[in-house]
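Hi everyone, thanks for coming. Let's have a look at this one together.

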Amino acid sequence: MRAAAAATATATAAALLAPGVKLCAGRARVSFSSSSRLPLRRVAAMASAPNSSFRPEEARSPPALELPTPPLSKFKVALCQLSVTADKSRNIAHARAAIEKAASDGAKLVLLPEIWNGPYSNDSFPEYAEDIEAGGDAAPSFSMMSEVAHSLQITLVGGSIAERSGNNLYNTCCVFGSDGQLKGKHRKIHLFDIDIPGKITFKESKTLTAGQSPTVVDTDVGRIGIGICYDIRFQELAMLYAARGAHLLCYPGAFNMTTGPLHWELLQRARAADNQLFVATCGPARDTSAGYVAWGHSTLVGPFGEVIATTEHEEVTVIADIDYSLIEQRRQFLPLQHQRRGDLYQLVDVQRLGSQ
């Protein structure tokens, strides 16, 4: 892991937010004297006092939900950056072993990569697709994830697999609770259709159908908004999840060697900083012999846009700590929710609005 870089980013974030920072061996230790606490709270209260003419509550329609109290405020998350082969049975067994190891290391939430049970290609999607609704032998990847989540008592964001439903194929992320039950299913909303001449051309829409619904799941480790890879490019989706009270956004993804170096970390940090919440991503390990070469670099980002933990491209499991109390702290220091201009702009959650 790029531990030094992550520590530097965390220290920088702390230094920008806190008075009285002591730097120790590359890490930031924040200390508040009793005399500094009261003025800080007063400043935060003054900054958060809304200007009624700006109508900040109207910047979200319907109004944003309050951040719920999570069942756990502190826990370990594991990002399993797996190697993927053409052998589906091997991939399933390999993923299970990685999940079991992550749980034994204390992880309460485990993430898998995008399309982890077979090659990422339009030719492979139909071959490796599973009928999730049928389950059993028709969905061995799905069944394994349900079983292991239950046996290990963890929350599992199961990366994504190709899902067959009727005549359609979807790129689907399944979220399992610690009881092994399916808590939510996200079908990739924004399909990866790009053409960068001389670099990469890929059209998911040749075989896949776009999902029709944002996905927010209440779990044992808080409220999670789900996106898959290309979904991360669309800030409106992340803003919608934040307005629905998400603590954490999870994006299984497989950025490539063209867009990965330029945008992967940038987009994660932007989604986290803009919405003042945690962002976790998980990609496959790089295989330079594959038809599609993934960037890797699975990462956890904090609510000030700081990289908490990350890695390079090899197969590895990143384990890091999440502390949700940082969300409220960051939102006190930078009270964006009270400073939006509802008199000038508005994000409309069409699904929520239609259900009222």
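I'll talk about the nonpolar cores first, and then the aromatic rings.

Just so you know, this is a predicted model, where local features need pLDDT of at least 70, side-chain atom pairs count only at pLDDT 80 or more, and totals for chains, interfaces and linings use all residues. Residues are numbered from 1 along each chain as its sequence is written, and side-chain values use heavy atoms, with hydrogens and water left out.

Okay, cores. A nonpolar core is a set of buried Ala, Val, Leu, Ile, Met, Phe, Trp, Tyr and Cys residues joined through side-chain atoms within 4.5 Å. Buried means under 20% relative accessible area, exposed is over 50%, and partly exposed is in between, using a 1.4 Å probe and protein chains only. The largest core here has 45 residues, and V77, L109, L111 and L248 have the most contacts inside it. There's also a second, separate core of 25 residues, including A78 and I99.

Now the rings. Rings of Phe, Tyr and Trp (its six-membered ring) pair if their centres lie within 6.5 Å; planes under 30 degrees apart are stacked, over 60 edge-to-face, and the rest tilted. That rule gives 11 aromatic pairs. Take Y120 and F125: they're edge-to-face, 5.4 Å centre to centre, with 80° between the planes. So are these two buried or exposed? Y120 is buried at 11% relative accessible area, and F125 is buried too, at 1%.
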